[in-house]
Each structure stands twice: as C-alpha cells, then as structure tokens.
Amino acid sequence: MNAEKREQLLLKLPFDLEAAVSAQEAWARRCRVPLRMTDSLGVESILVPPGEFRCGATKEVNQELERQGFSKIDEPSFDCILTKPMYVGIHRITQNQYWKLMGINPSAYAASGYLASHVEGLDTWQFPVEGVSWYDCIEACNNMSEREGLPAYYRFGEFMLRESSGAIFDAEVEIIGGTGYRLLTSAEWEWVARAGTSTVYFYGNEERRPDWKVDIGRPWPVGVEAANNFGVYDLDMYSDEWVFDAYSYEDDVEGPLIDPVDLENDDNERVARGLHSFHRSMEIAGAAESRNFRFCRTIEVEAVRRDD
C-alpha cells in the first residue's frame with residue numbers, strides 16, 4: 001500500500017457520524033472481520049478505526065471550561081497517531097459478566113454489597129461492575145483471553161499480593177502483546193470517547209445532566225444513554241473506568257507519539273478516565289482502588305503510518 005492510500009485510511013479529527021461509520025465499515029472490509037462481534041461472555045464489541053488527533057486539552061476546550069466556571073485542564077497535549085484498528089467493548093463490563101468470568105461480584109451496589117440498601121429492589125446485574133482494582137482488570141483480561149482461546153496479552157510476575165477476597169492489590173505486570181483481551185490505553189480511550197468531536201464532551205460543550213442522573217446517587221445500567229459516533233456507550237457514567245497507563249508525562253511532550261502508552265509506575269498509580277465524560281481529563285488513582293473497565297482487542301493488520 002502506497003503512502004497516499006495510507007494517508008487516506010488514517011481518520012483525522014474532526015469527523016461526523018457518517019464519516020465514522022464509513023471508516024469503520026472500510027476497515028472491517030480491509031481486515032476481513034465483522035464490524036461487530038459478541039463473545040462467549042456476551043460482551044458486544046465494535047471495530048474502531050485508527051487515526052490521528054491532538055491528544056489532551058486544547059486551548060479552545062480550556063477556554064470553554066473556564067467560561068462555564070470550571071478549572072482548566074492542566075495536562076500536556078501532543079499529536080498522537082494510532083496505527084491499528086481495534087475491537088472496543090461498546091459497554092463497560094457488567095456485574096453479571098464479571099461474575100460469570102471471575103466467579104465473584106465485588107460491587108458495593110449489589111444485593112451482596114455493603115451499599116445494598118441503595119439498590120434495594122433493583123436488578124443490578126446490568127450495572128457496571130465496581131470494586132475492581134486495576135490489577136483485577138488485568139487478570140480479567142487474561143481470563144477472558146483464555147476463555148476465548150486467545151494468547152494472554154499480559155503476564156504477571158512472581159510478585160503478587162491478594163486480599164482474602166481474591167482481589168489483587170499489588171503485582172508485577174508485563175505486556176506480552178498480540179490479539180488477546182486488554183485495557184484501552186489512555187490515548188485510545190480519548191480517541192474512542194471523542195469519536196470525531198473537538199468539544200468538551202463528545203455530544204457538545206454543555207454537560208448533559210438530566211435530573212435523574214444528578215439525583216440518583218448510584219450507578220445505573222450500561223447502555224442507558226445514547227452512543228457516540230463510533231457506537232460506544234457509557235462514556236459519561238457514575239465512575240471512571242480504568243485504562244492501562246501510568247502517568248509520568250512531562251509538561252512538554254514532543255510529538256507525534258505513535259501508539260503511546262505510559263509504562264512508568266513508580267508510585268503504583270494508574271489512569272482512570274470517563275467521570276462526567278471530561279474526556280480530556282485524567283484521574284490518577286492508586287491501582288488498588290475501585291473503578292469500572294471495558295475490554296479491548298487489537299485487530300492485527302499491517303500498521304498504518306502517516307510517514308510510511
């Protein structure tokens with residue numbers, strides 16, 4: 001494939017729903033894979049194409065946030081190129097899916113959880129699972145790969161600390177790579193969440209806060225609100241979701257960065273994203289803390305690079 005064709009295939013911001021769907025369908029044809037897939041756990045995934053964008057808060061976004069009375073996002077921004085398509089779970093993993101995979105439901109907002117009184121009389125199985133550490137997500141990814149007959153994307157080292165419940169609160173983790181189940185990187189999450197937009201939220205500059213969402217004071221089922229241009233849901237939830245990265249970027253990051261992932265982890269901290277869909281803002285959390293997550297898988301294909 002020549003450089004001109006590669007340039008045409010690399011999706012760039014901004015783009016609308018029609019352009020997003022067209023790119024998804026084109027990549028599915030090129031890779032000879034379905035646009036959508038559902039695995040044995042019932043996790044629905046959709047193909048998200050690779051692309052090029054400015055990662056991090058732009059000047060315009062910070063101006064809009066300050067106009068609305070919010071603090072600006074003081075994080076580095078850089079040009080980013082993602083070179084491979086991927087399958088992304090359209091929803092966060094639910095309590096039911098996690099229980100089927102891991103044999104446990106650690107959620108506080110469940111009939112067996114310590115906040116059961118907040119969800120009395122409700123069927124919480126379709127709520128996103130919580131009470132899950134970053135390490136638990138890594139183990140879930142590997143377990144899911146094994147379930148689907150795929151090689152594990154991650155490898156645990158000899159050092160691992162578990163609670164009596166089985167939850168992991170510290171461990172050594174190494175990336176093996178391949179097509180197994182994994183977490184999104186922070187840059188990938190932002191690309192997926194933006195879905196072609198350059199506004200504060202994927203649906204515009206004004207936060208969408210219906211009364212039920214303000215007053216509910218608990219999680220809600222996945223897929224309740226509309227999907228973005230890529231067909232992905234649950235980007236504006238009650239909690240953040242884990243991504244793979246640590247966080248050690250300096251204030252000035254020279255780009256473009258190709259498929260960036262931050263592996264520095266001196267303080268046992270990881271990035272979580274998605275609370276209120278400030279999709280340019282990162283929360284730095286201890287890896288043993290509780291968040292949601294969703295699955296991702298790389299689709300193996302000849303990488304698309306702007307400068308090839």
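W191 is buried (under 20% relative accessible area, with a 1.4 Å probe and protein chains only), its relative accessible area being 0%. The model is predicted: local features need pLDDT of at least 70, side-chain atom pairs count only at pLDDT 80 or more, and totals for chains, interfaces and linings use all residues. Residues are numbered from 1 along each chain as its sequence is written, and side-chain values use heavy atoms, leaving out hydrogens and water.

**Helix α6**
- All nine residues of helix α6 (residues 186-194) are buried, so the helix is largely enclosed by the rest of the structure.
- Helices here are DSSP runs of H or I with at least four residues, and strands are runs of E with at least two, numbered from the N terminus.
- A195, which follows α6, has a positive phi near 50°.

**Aromatic pairs**
- Twelve aromatic pairs are found in the whole structure; ring centres of Phe, Tyr or Trp (its six-membered ring) must lie within 6.5 Å, and planes under 30 degrees apart count as stacked, over 60 as edge-to-face and the rest as tilted.
- The F53 and W191 rings have centres 5.3 Å apart and planes at 40°, so this pair is tilted.
- F53 belongs to strand β4 (residues 51-55) and W191 to helix α6, so the pair ties together parts 138 residues apart in sequence.
- F53 is likewise buried, at 4% relative accessible area.
- F293 and F295 form an edge-to-face pair, 5.5 Å centre to centre with 80° between the planes, and both are buried.
- W134, Y135, Y153, Y154 and F244 are linked into a cluster by ring pairs.

Note on methods:
Buried < 20%, exposed > 50% of the residue type's maximum accessible area, 1.4 Å probe, protein only.
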